[in-house]
Amino acid sequence: MNESGALRDLVVLDLSRVLAGPYCTMMLADLGAEVIKIELPGTGDDTRAYPPFRTNRNGVQESLYFANINRNKKGITLNLKKPEGKELFRKLVEKADIVVENYRPGVMDRLGLGYEELKKINSRLIYGSVSGFGNTGPYRLRPGYDILAQAMGGLMSITGSAGGPPTRVGSAMGDVLGGLHLMIGLLSAVHARQLTGRGQRVDISLMDCAIAATENTALKYIESGQLPPRMGNRYAAVSPYDAFRVKDGKIIIAAGNQKLYEKLCTDILDRPDMIDDPRFATMEGRLKEQDAIAAVIEDSLSDMTMEESVELILSKGIPAGPIYDISQILQDPQVQAREMFIQTEHPTLGAVTVNGCAIKLEDAKPSVRTPAPALGQDNLRVYQELLALTEEEVNVLRDQAVI
């Protein structure tokens, strides 16, 4: 147990795999919860077979994808299809605060381990499920993946170059949003339990989360009757607020209000005439004339590098920044100061860099304490400590392929 973590009093049984559920439980673990990752004997989480790989000290390839998203967790194996496995899980539920799973709706019920059954064992249990479409509605039984959430939740329809095809966000944003919403829901249920003494179910849909992330897109359509177009790096509400080419790449300028626009015109572009020009005088006009504004900005900055132009624009109090690639992000002093990448020591992979935690608490600081577990690594410890099984009993369960 992490003695200083904000969530150090919570025990989480993590049945989830791939990304949405494990992302949620990774954050819970970073914040101090005791997360017990439960995997199928022999195979484990699908992401153990996902690249990038590194050959470990034993000459076997291991997944760095798995290592990143499953740090700070204990790892046990358990076959929930075997009667003995079901019984062990029920006993673990007696000790747990939270169960997290991302099976298709109905799978846990068919196993006899759904929320309605588990709450009979532990009325304070908080049961979190994340799936493609949630536990209600006509699509509830459809399989769900990140790309489907982005497609059906509207993110792809507003992402991409102007006139280009709908485009998936480069990372698995549907899964990440699902994991974040699941965590918020679980911690809300923990607080509600303090008020009522009862647990409850938290039901998260990846499609719902993607829709929520489109913010006011639907409102624009409802109000105007026009489908919001793809705009590349532009923003439908503000201009200039875009990527602009300079000598050695592109930078972002975000003149989010009239004052900033006027400072850009006078202090950077040396074009005070653009303030009163009827084409550009209002935000509505600037949104219609974005190409003309971009031409002026890019001509003015054409002889400057990204670093030079960003420093100049920032010196005038106007928000700006470079468009980084991953290599530049890793070297950025702000990223390093905020510990957004952390080097850990893995028992078989050696030094492994993982993503840091974006939640910064002043006292109960999140931390990366332990590497991702080997498959079944903590079987003996967890079954002994939580269920008081003997080493001999654990060995028998292993021989019977229950664990």
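In the predicted model, Gln-194 is exposed, with a relative accessible area of 63%. This residue belongs to helix H7, which spans residues 173-196. The C-alpha atom of Gln-194 is separated by 9.7 Å from that of Arg-124, although the two residues are 70 positions apart along the chain.

Salt bridges were searched for over the whole structure, and 18 were found. One of these is formed by the side chains of Asp-14 and Lys-73, with an N to O distance of 3.5 Å. Asp-14 is located in strand S1 (residues 11-14) and Lys-73 in the loop between helix H2 (64-69) and strand S5 (74-77), so this pair ties together parts that are 59 residues apart in sequence. Asp-14 and Lys-73 are both buried. A salt bridge is also present between Arg-71 and Asp-30, whose closest N and O atoms are 2.7 Å apart. Arg-71 lies in the loop between H2 and S5, whereas Asp-30 lies in helix H1 (residues 20-30); the pair therefore ties together parts that are 41 residues apart in sequence. Both Arg-71 and Asp-30 are buried.

Lys-74 and Glu-34 form a further salt bridge, in which the closest N and O atoms are 3.0 Å apart. Here the partners are in two strands, Lys-74 in S5 and Glu-34 in S2, so that parts 40 residues apart in sequence are tied together. Lys-74 is buried, as is Glu-34. Elsewhere, Arg-234, Asp-242 and Asp-291 are linked in a network of salt bridges.

Polar contacts were examined around Asn-135. This residue is placed in the loop between strand S7 (126-131) and helix H6 (146-152). Asn-135 has a relative accessible area of 17%, and therefore counts as buried, the cut-off being under 20%. The side chain of Asn-135 makes a polar contact of 3.0 Å with the side chain of Ser-129. A polar contact, also of 3.0 Å, joins the side chain of Asn-135 to that of Arg-201.

Two surface patches are described next. Asp-248, Glu-307, Glu-308 and Glu-311 gather on the surface in a patch of negative charge. Of these residues, Glu-308 is located in helix H14, which covers residues 306-315. Glu-308 is partly exposed, with a relative accessible area of 42%. This value meets the requirement for membership of a patch, because patches are made of residues with over 30% relative accessible area and no salt bridge. The other patch is nonpolar: Leu-219, Tyr-221, Ile-222 and Leu-227 make up a surface of about 480 Å². Leu-219 is found in helix H9. At 56% relative accessibility, Leu-219 counts as exposed.

Most residues other than glycine have a negative phi, and most peptide bonds are trans. Pro-52 is situated in the loop between strand S2 (34-39) and strand S3 (53-55).

Positive phi values are found at Glu-215 and at Asp-270. Glu-215 is not a glycine, yet its phi is about 40°. The position of Glu-215 is in the loop between helix H8 (206-213) and H9. With a relative accessibility of 48%, Glu-215 counts as partly exposed. For Asp-270, also not a glycine, phi is about 55°. Asp-270 is in the loop between helix H10 (258-268) and helix H11 (273-276). Asp-270 has a relative accessibility of 59% and counts as exposed, because the cut-off for exposed residues is over 50%.

Terms used: Residues are numbered from 1 along each chain as its sequence is written. This is a predicted model: local features need pLDDT of at least 70, side-chain atom pairs count only at pLDDT 80 or more; totals for chains, interfaces and linings use all residues. Side-chain values use heavy atoms; hydrogens and water are left out. Patches are made of residues with over 30% relative accessible area and no salt bridge: like charges are joined within 9 Å, nonpolar side chains (Val, Leu, Ile, Met, Phe, Trp, Tyr) within 5 Å. Accessible areas come from the Shrake-Rupley method with a 1.4 Å probe; for residues, only the protein chains shown count as cover. A salt bridge is a side-chain nitrogen of Lys or Arg within 4 Å of a carboxyl oxygen of Asp or Glu. Lys and Arg count as positive and Asp and Glu as negative; His and the chain ends are not counted. The place of a charge is taken as NZ of Lys, CZ of Arg, CG of Asp or CD of Glu. Helices (H or I, at least four residues) and strands (E, at least two) are DSSP runs, numbered from the N terminus. Buried means under 20% relative accessible area, exposed over 50%, partly exposed in between (1.4 Å probe, protein chains only). A polar contact is a pair of N or O atoms within 3.5 Å; within protein, one must be able to donate a hydrogen and the other to accept it, and residues adjacent in sequence count only if both atoms are side-chain atoms.
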